[in-house]
Amino acid sequence: MPRAALLALLLIAAPSVSVAAQSPAAATAAICDASAAGAARGGPPIEILRALTRTETGRRLEGALRPWPWTVNMEGEGFWFDNREEALAFVRARHKAGARSFDIGCFQINFRWHGEAFESFEEMFDPAANAAYAVRFLNELKAEGGDWRVAVGKYHSRTPEFANRYTKRFDSILASLDPAEDLPALAAPRILLATAGDGPASAGGLFVAGPAHGAPDRARSNWRGGVALSALSAGAPLLRAGRPLFD
C-alpha cells in the first residue's frame with residue numbers, strides 16, 4: 001500500500017470527537033494520543049502506546065503528564081517546542097551543523113539509525129507516521145518473546161540494565177493512567193494536524209531538559225527512541241541485520 005494511502009487511513013481510523021473545550025496546549029498534547037489510537041489497531045493496546053509516548057516525551061502540563069508531538073532529544077538533551085515549524089527549524093539547523101544522533105516526535109524515532117526510512121524531517125514529525133513505525137517495531141519485538149512490557153524495554157534498549165530502568169518508569173506511568181483519562185481528547189489527527197503549529201502558541205514555550213553527557217553511563221541509560229526501522233511497505237522487516245540500536 002502506498003505510504004500516503006496508509007497514513008490517510010490512520011488519520012481516518014482514529015476516534016473523532018470535538019476538541020472545542022480544550023486549551024490549545026491540551027489539544028496539541030492530544031495529537032500523540034490520537035495518532036496512537038489510530039496506529040493501535042495494528043497491535044499494541046492503546047494503554048501501552050499512551051504510556052510509551054508519555055515515557056518518551058511526557059511533561060507536566062495543566063496538572064497532568066502529557067505527551068508532546070514537537071519533542072526533540074538532541075544528542076541527550078530534550079527540547080519541547082511550541083509547534084512543528086519551530087521543531088523543524090531547530091532540527092534542520094542542528095543537522096546542517098553536523099548533528100546526526102537525535103530523536104523526533106511522539107515516539108522519539110532516532111534519525112541516525114533509520115532516518116532513511118522517512119522521506120523528510122516533516123514525515124518523521126508526522127504523528128501518524130511516527131506512531132505507525134513505533135507500533136510495527138513493538139509488534140516485531142513482542143514476536144521475539146515476552147509480553148508488551150518486555151517489548152517496551154527492548155524498544156528503549158536491548159541492554160537489560162537500561163531496558164529495566166526504562167521499564168520501571170514506563171510501569172509507573174502506565175499504572176497512573178486512568179482508563180478514561182484523556183480519551184475525550186483523542187481527536188482525530190485530521191482535525192488536529194490541520195491546525196498544529198498554526199494556532200496560539202502552547203503554554204510555556206520551549207522546554208529544555210538537562211544534558212546527560214556528563215556521564216556516559218547516564219547518557220546511555222537516558223537514550224530515547226532507539227528504534228531501528230526500515231520501509232513502511234507491507235511485510236517489510238523493521239530491524240536491519242547487523243545494525244546497532246545505539247551508539
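Student: What makes strand β3 and strand β4 a pair?

Tutor: In this predicted model, β3 (residues 71-74) and β4 (residues 77-80) are joined by four bridges in the antiparallel sense. A pair needs at least two bridges, so the two strands qualify. Within the pair, methionine 74 stands opposite glutamate 77 in β4. The strands form a hairpin with two residues between them, and glutamate 75 in the turn has a positive phi of about 55°.

Student: Why is histidine 95 called partly exposed?

Tutor: Its relative accessible area is 22%. Buried means under 20% and exposed over 50%; histidine 95 therefore falls in between. Histidine 95 belongs to helix α4 (residues 84-96). Beyond its neighbours within four places in sequence, histidine 95 is in contact with Arg100, Phe102, Phe111 and Phe121. From histidine 95 to methionine 74 the C-alpha to C-alpha distance is 9.9 Å, with the two 21 residues apart in sequence.

Student: How do you know which residues bring α2 and α3 together?

Tutor: Contact means heavy atoms within 4.5 Å. By that criterion, Cys32, Asp33, Ala36 and Ala37 in α2 meet Ile46, Leu49, Arg50, Thr53 and Arg54 in α3. By class, this contact has five nonpolar, one polar and three charged residues. The helices, α2 (residues 24-39) and α3 (residues 46-57), pack at about 145° with axes 9 Å apart, and their crossing is right-handed.

Student: Which residues have the most contacts inside the largest nonpolar core?

Tutor: They are Phe107 and Tyr155, in a core of 52 residues. Helix α7 (residues 127-143) supplies the largest share of this core, eight residues.

Conventions: Residues numbered from 1 in each chain as written. Predicted model: local features only at pLDDT ≥ 70, side-chain atom pairs only at ≥ 80, totals over all residues. Heavy atoms only, no water. Core = buried A, V, L, I, M, F, W, Y, C linked by side-chain atoms within 4.5 Å. Buried < 20%, exposed > 50% of the residue type's maximum accessible area, 1.4 Å probe, protein only. Axes fitted to C-alpha atoms, helices over the stretch in contact; angles between N-to-C directions. Left-handed = near helix turned anticlockwise from the far one by under 90°. Nonpolar A, V, L, I, M, F, W, Y, C, P; charged D, E, K, R; others polar.
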